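Hi,

Here is the structure I said I would pass on.

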Amino acid sequence: MLMNGVPVGGLSHPLEWMVKTMPDIAVLIKRVPDTIAKIIVVDGTIDLSGVKWIISPYDEYAIESALQHREATGGSVTAITLGNADCDKTLKDAKALGCDELVRLWQDGWESLDSNGVQSILAGAISDLGSEIVYCGKAAADTNAGSTGPGVAEKLGWASISNVVSVSFEEGGVEALVPVAGGQAKVGINFPCLLTIDKGPNEPRRPNVRGIMMARKAEVNLKGGQAPAATISVISKSTPPAKPPGKTYHGAENVPAVVQALRDEANVI
Amino acid sequence: MDFAESDEQQMIRKLVRDWAEEVLPPTISKRDDEQIAPSKEWKQFCEMGLQGVTIPEEFGGNPVDDISESIIIEELARVDPSLSVMFCVHVGLCAKTIVLHGNQQQKETYLPRLAAGEVGAYSLSEAGAGTDAAAMVCKAKLSEDGSHYLLNGEKMWVTNGEQAEIYILFAKDVDHPEYGVKKHGGTTAFIIERGFEGFEVGKKEDKLGIRSSDTCTLILTDCKVPVENVLKSPGSGFPIAMNALDNSRIGIAAQALGIAQGAFDCALKYSTERETFGVPIQRHQMITAYLADMATRISAARHLVYRASWAKQQHYEHGAPRHSLEASMAKLYAGDTAMWVADLAVQILGGYGYTKDFPVERFFRDAKVTQIYEGTQEVQRLVIVRNLP
Ligand SMILES: Cc1cc2nc3c(=O)[nH]c(=O)nc-3n(C[C@H](O)[C@H](O)[C@H](O)COP(=O)(O)OP(=O)(O)OC[C@H]3O[C@@H](n4cnc5c(N)ncnc54)[C@H](O)[C@@H]3O)c2cc1C
């Protein structure tokens, strides 16, 4: 274990110090419907058949940060997802980008986990792996809840920073740039820690063909775990109210009426 | 039988599509107008490692399956047919020919360079020898000390002519016993570097379409080529040439498929946006029928192209019969489909389709060449009938 880059506790092996300066980095990714997919609601539930699936876009930024971290300090990046076998494809996409190890968490009965359960399982996997830093997207594109990152950190008892736009890598920790009212703040944080990543100046990389061919052979490590009983349930879902029809005005004489409507009805001026 | 794309094929398609849609459109019209070769775009393209997909790993390549190779060509052509043919000639006619026929020394010398992004070309045709390739008159004569050949003559229609560093070039060895006896007698395949003494890139053609692809003549004036640069042996060039065409014909078929898809995508989108008589034009039954027929023919072309790609891989990896028939059928059908679909796409856009404001005008011009090069449509028909089971 490292605190501020300094090893604490006895070293069991003379090389452990060297090995441990290269952090075990984890990145949490989620498979979501393509953000431009047409969402069809049938009988009150969303019909996802025929939808294209992608890595949630903020998670792509998280992968990019994790890979840059490894490039700066060495170490290895493990991509973790929670989901059924279809999610292997998502992990392989992460492999093609350059992640080293792939872990999928799943067992029967996990189809209807609540967010608390998801966070517990992820936190359990992270402590089993011995990761020192975890990156994840600031929110998933499907639920947009943004609770997973902070929730996992809480379960682990780790510090976390949310909505990070850029990271610089130090020994034993990182410095993260986050937006604050009126500007940005640079925040230092020691391992172990979790960062949720927002869009920043570092655009996610593209895979290259070598990565794609390696991904084909990559093995996905399947793990189960312990999930607490669900405490949160969705009571109902509904579509947004239909938009009232627009109004059309013709001729210059209607300008006052338009201004009036923009002010009183649309509240835009 | 399995018609599903594999995960890698899907990933490669997405990679190339995303890249092409982002990087190519900003420069495409200017390159087309002014006949500027896509050299800058090629450099960026090479960052993905795709230029080495026909080269074994030991020589720095990133091999992919043959259907993936076609998918790359198709996805490039869907946006920019000029860059697509540049890639197709580089990986197919040039690199693959060295992989198949080069000796160890030649592979070690040239494949890593091609894998690193130096551009390859292939030069068979001459002014008087297109379809009738064996009528070529470029000559090669061995030097007295036997160390090199001197090549003389002019080659024509060389894709990537201006940008290439490495050319597979065919000329007739005048000392070969079959020279002047058989029509193609003495035909020899050489690997030529741009820097060789006596080698010069000549005129660049001013073309109807694929105007960003540099098609040039090559002028050989006592061009000095070391004997080590003969592929296989003197006089064995003609089968090499024909075999190379069988392979890259499938590439041109994939290019045609991409052109058809690009033109169709544009027409489909337009048909939902343009309204006449109070409805989107897609709702006029005649336009609906066009779109249905276009989509169906594109799908048929795609099956032929992928099947030919698969047959090529079966041939090289599992000793299956040569894929000449499949390659020619794919090229014939996909080439005609590109032309036919591009024509209808212009029709669907009406007057706007006839302007440079929409890409269908360019696709229409670009499509035509797929009926001409790598064997004209007439030649494909000859090959098909000769190879019928
Ligand atoms: C843009 C472009 C790029 C090219 N790139 C390359 C390249 O990289 N390398 C290379 O070596 N070549 C290249 N070519 C050459 C191309 O392969 C030839 O143009 C093609 O083979 C046709 O030859 P040709 O132009 O001499 O036409 P011709 O052979 O003169 O044919 C004229 C017409 O007669 C028909 N015809 C000829 N013989 C027969 C027959 N036996 N039966 C029926 N019909 C026949 C043809 O089909 C055609 O319609 C390129 C050509 C173009 C236009």
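In chain B, α4(B) passes α7(B) in a right-handed crossing. This is a predicted model, by the way, so please read everything below with that in mind. Helix α4 covers residues 66-79 of chain B and helix α7 covers residues 237-273 of chain B; they pack at an angle of about 40 degrees, with their axes 7 Å apart. The two helices, α4(B) and α7(B), are therefore oblique to each other. On the α4(B) side, the contact is made by B:S70, B:I73, B:E74, B:A77 and B:R78. On the α7(B) side, the residues include B:I250, B:G251, B:A254, B:Q255, B:L257 and B:G258, and also B:I259, B:Q261, B:G262 and B:D265. By type, the contact of α4(B) with α7(B) has 6 nonpolar, 6 polar and 3 charged residues.

There is another helix pair in chain B to look at. The axes of helix α9 (residues 324-349) of chain B and helix α10 (residues 360-367) of chain B come within 9 Å and cross at roughly 155 degrees. Angles over 145 degrees count as roughly antiparallel, which makes α9(B) roughly antiparallel to α10(B). Here the crossing of α9(B) past α10(B) is left-handed. From α9(B), B:A338, B:M339, B:A342, B:D343, B:A345, B:V346 and B:L349 meet B:V360, B:F363, B:F364 and B:A367 of α10(B). That contact of α9(B) with α10(B) splits into 10 nonpolar residues, no polar ones and 1 charged.

Which residues come nearest to the ligand? Of the 19 residues around the ligand, those are B:S125, B:T131, B:W157, B:T159 and B:T376.

- B:T376 has a side-chain N or O atom 2.6 Å from an oxygen atom of the ligand.
- B:S125 places a polar side-chain atom 2.7 Å from a nitrogen atom of the ligand.
- B:L124 uses its backbone instead, with an N or O atom 2.9 Å from an oxygen atom of the ligand.

Finally, a couple of backbone details. In chain A, a cis peptide bond joins A:F191 and A:P192, with omega at about -5 degrees. A:P192 sits in the loop between β14 (183-190) and β15 (193-197) of chain A. Over in chain B, B:N160 is not a glycine, yet B:N160 has a positive phi of about 70 degrees. You will find B:N160 in the loop between β3 (148-159) and β4 (166-173) of chain B.

Cheers

Technical notes. Residues numbered from 1 in each chain as written. Chains lettered and ligands numbered in written order. Predicted model: local features only at pLDDT ≥ 70, side-chain atom pairs only at ≥ 80, totals over all residues. Heavy atoms only, no water. Axes fitted to C-alpha atoms, helices over the stretch in contact; angles between N-to-C directions. Helix = DSSP H or I, 4+ residues; strand = E, 2+ residues; numbered from the N terminus. Parallel < 35°, antiparallel > 145°, perpendicular 65-115°, else oblique. Left-handed = near helix turned anticlockwise from the far one by under 90°. Contact = heavy atoms within 4.5 Å. Nonpolar A, V, L, I, M, F, W, Y, C, P; charged D, E, K, R; others polar. Near = heavy atom within 4 Å. Polar contact = N/O pair within 3.5 Å; in protein donor to acceptor, adjacent residues only side chain to side chain.
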